[in-house]
Amino acid sequence: MENLDLRLIQERLSVSDESALIGLYQTCYKKLFHFAKAIVRTNELAEEAVEDVFINLWCRRNSVSGINDLNVYLYTSVKNASLNILSKKARELVA
C-alpha cells in the first residue's frame, strides 16, 4: 500500500471514481485478507470481512476525504469487521 498515493485515491473516491476503488481493492486485498484471516481463521470469513470493508468504503465515498490515514482506516475497519463476524457467529451458535 505504500506505493499508492492514498490522498489521490481518497480524492478520486470522493467524486465516485469507481476505478479508484478497484485499484485500491486490487492493491490492498491480499494484505487485508491475510490480516483478517489471522483474526477469523477461515478464508471464507476473511473474504467476507474484507469485502464488507470495501463495500462500506464505497457506500461512504462522499465522506472519505475526511479520513486522516486511509491505510489505518482500512486495517482498523477490517479488524472491526472481523470481530463483528466472529461475534455474529458466536451468537448463532448460542441461538
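**Exercise 1. A pair in helix H4**

By about how many helical turns are Lys89 and Glu92 in helix H4 separated?

*Solution.* Note at the start that this is a predicted model.
- Step 1: Lys89 and Glu92 are 3 residues apart in helix H4, so about one helical turn separates them.
- Step 2: Look at the side chains. The closest N and O atoms of Lys89 and Glu92 are 3.9 Å apart. The cut-off for a salt bridge is 4 Å, so this pair counts as one.
- Step 3: Check the surface. Lys89 is partly exposed, at 33% relative accessibility. Glu92 is partly exposed too, with 44%.

**Exercise 2. Counting salt bridges**

Find how many salt bridges the model has, and describe the one that involves Asp17.

*Solution.* 
- Step 1: The count comes to 2 salt bridges.
- Step 2: Asp17 pairs with Arg12 through their side chains, at 2.9 Å from N to O.
- Step 3: Asp17 has a relative accessible area of 23%, which makes it partly exposed. Arg12 has 27% and is also partly exposed.

**Exercise 3. How H2 meets H3**

Describe the packing of H2 and H3 by angle, distance, handedness and contact residues.

*Solution.* 
- Step 1: Two packed helices are described by the angle and the distance between their axes.
- Step 2: Read them off. The axes of H2 and H3 come within 8 Å and cross at roughly 145°.
- Step 3: The crossing of H2 with H3 is right-handed.
- Step 4: List examples. The H2 side includes Leu21, Tyr25, Cys28, Leu32 and Phe33. The H3 side includes Leu45, Ala49, Val50, Phe54 and Trp58.
- Step 5: Sort by type. The residues of this contact split into 16 nonpolar, 1 polar and 4 charged.

**Exercise 4. Gln10 and Asn84: buried or exposed?**

*Solution.* 
- Step 1: Gln10 lies in helix H1. Its relative accessible area is 2%, so Gln10 is buried.
- Step 2: Find its contacts. Gln10 touches Val64, Ser65, Ile67 and Leu70, not counting residues up to four places away in sequence.
- Step 3: Asn84 lies in helix H4. At 53% relative accessibility, Asn84 is exposed, because the cut-off is over 50%.
- Step 4: Compare sequence with space. Gln10 and Ile55 are 45 residues apart in sequence and 15 Å apart, C-alpha to C-alpha. For Asn84 and Cys28, the values are 56 residues and 21 Å, also C-alpha to C-alpha.

Definitions and conventions:
Residues are numbered from 1 along each chain as its sequence is written. This is a predicted model: local features need pLDDT of at least 70, side-chain atom pairs count only at pLDDT 80 or more; totals for chains, interfaces and linings use all residues. Side-chain values use heavy atoms; hydrogens and water are left out. Axes are lines fitted to C-alpha atoms, for helices over the stretch in contact, and angles run from 0 to 180 degrees between N-to-C directions. Helices (H or I, at least four residues) and strands (E, at least two) are DSSP runs, numbered from the N terminus. A crossing is left-handed if the near helix is turned anticlockwise from the far one by less than a right angle, and right-handed if clockwise. Contact means heavy atoms within 4.5 Å. Ala, Val, Leu, Ile, Met, Phe, Trp, Tyr, Cys and Pro count as nonpolar, Asp, Glu, Lys and Arg as charged, and the others, Gly among them, as polar. Buried means under 20% relative accessible area, exposed over 50%, partly exposed in between (1.4 Å probe, protein chains only).
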